[in-house]
Amino acid sequence: MKRGAFLVNNARGAIADRAAVVDACESGQLAAYGGDVWDEQPASQDHPWRNMPHNVMTAHTSGTTLDAQVGGT
């Protein structure tokens, strides 16, 4: 990715290489990382994404839609 790019992962946390994301954010290669899923669920207290710079994680709520609750797609 170009230097200064933003990486937004709204798919699966495990598709992003944990160490590579941390290194890219710390070096400035990535301007920021945003996701709604961790690469491990639940994320451990010492997970490096908790403390890396320029990181935003949101609550993963896809399973809370009305369709999901009744078994829809």
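Predicted model: local features only at pLDDT ≥ 70, side-chain atom pairs only at ≥ 80, totals over all residues.
Me: Which side chain has a polar atom 3.0 Å from the backbone nitrogen of W49?
Reply: That of H47. Residues are numbered from 1 along each chain as its sequence is written, and side-chain values use heavy atoms, with hydrogens and water left out.

Me: Is H47 buried or exposed?
Reply: H47 is buried because its relative accessibility is 0%; the cut-off for buried is under 20% relative accessible area, with a 1.4 Å probe and protein chains only.

Me: Where is H47, and what does it touch?
Reply: H47 is in the loop between β2 (30-35) and β3 (55-57); strands are DSSP runs of E, at least two residues, numbered from the N terminus. Beyond four places in sequence, H47 touches R18, W38, D39 and E40, contact being heavy atoms within 4.5 Å.

Me: Switching to N9. What does its side chain pair with?
Reply: The side chain of Y33, in a polar contact at 3.2 Å. N9 sits in strand β1 (residues 5-9) and is buried at 7% relative accessibility.

Me: And L30, which strand?
Reply: Strand β2. L30 is buried, at 6%. Its contacts outside four places in sequence include M1, which is 29 residues away in sequence and 8.0 Å away C-alpha to C-alpha.

Terms used. Helix = DSSP H or I, 4+ residues; strand = E, 2+ residues; numbered from the N terminus. Buried < 20%, exposed > 50% of the residue type's maximum accessible area, 1.4 Å probe, protein only. Polar contact = N/O pair within 3.5 Å; in protein donor to acceptor, adjacent residues only side chain to side chain.
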